[in-house]
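Open the model in your viewer and keep the selection panel at hand. The tour visits a helix pair, then a pocket.

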Amino acid sequence: MTQAGKRHERSLALGAMISPWTVPGGLPLLFIALELVVGGHDGIPGSQIADVFAAFLLFGLPFTYAVTLVLVVPMAVWLRRWQALSAARLCLWCTLLGPTTMYAYAWLLRGQPAKVIELDGILLSASYGLASGIVFCLASGIRLFAR
């Protein structure tokens, strides 16, 4: 294998390690920001912030790693094999995965998966997938378009 191929494999691994933190780490921050801006509270107690972070990291992070390792990395490898790996393609894939994986996550946690298939749930979860895909591509050094 060439040196360039080895570098690219390491970068895919880096993307796979970093990108799963995007949604579970970013959602609590978004939640806190919305509560502070829209909630009309003088502030959120520190224990509540810690609970939100703990819940998302405890449940969201392992699930997101599983999705990344089972669905995103194989797609990146497959696209690379066909010399079609680009951020545009991989981010589209991740955007499409967002609603499906959010539905599965809600179902596994006995949440409200029906809310995920409403229009706002689809758009929100698709944006989570897109955000994760962008982080994966940035961390992996994947070009916007394939040559």
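Helix axes here are lines fitted to C-alpha atoms over the stretch in contact, and angles run from 0 to 180 degrees between N-to-C directions. The model is predicted.

Select residues 87-108, helix α4, and residues 119-140, helix α6. Their axes come within 7 Å and cross at roughly 140°. Angles over 145 degrees count as roughly antiparallel and 65 to 115 as roughly perpendicular, so α4 and α6 are oblique to each other. The crossing is right-handed.

Next, show side chains at the contact. On α4, pick A87, L90, C91, C94, T95, G98, P99 and M102. On α6, pick I122, S125, A126, Y128, G129, L130, G133, I134, F136 and C137.

Now move to the largest pocket, with a volume of about 630 Å³. Which residues lie nearest its centre? Select V23, L27, M102, Y105 and Y128, from a lining of 29 residues. Colour α2 (22-38), α3 (46-81), α4, α5 (113-116) and α6: each supplies at least two lining residues. By type, the lining divides into 18 nonpolar, 10 polar and 1 charged.

Methods
Residues numbered from 1 in each chain as written. Predicted model: local features only at pLDDT ≥ 70, side-chain atom pairs only at ≥ 80, totals over all residues. Heavy atoms only, no water. Helix = DSSP H or I, 4+ residues; strand = E, 2+ residues; numbered from the N terminus. Parallel < 35°, antiparallel > 145°, perpendicular 65-115°, else oblique. Left-handed = near helix turned anticlockwise from the far one by under 90°. Contact = heavy atoms within 4.5 Å. 1 Å grid on protein atoms, 1.4 Å probe; cavity = no way out; pocket = protein on both sides within 12 Å on 5 of 7 lines; lining within 4 Å. Points joined across faces, edges and corners; volume = space filled by probe spheres on them. Nonpolar A, V, L, I, M, F, W, Y, C, P; charged D, E, K, R; others polar.
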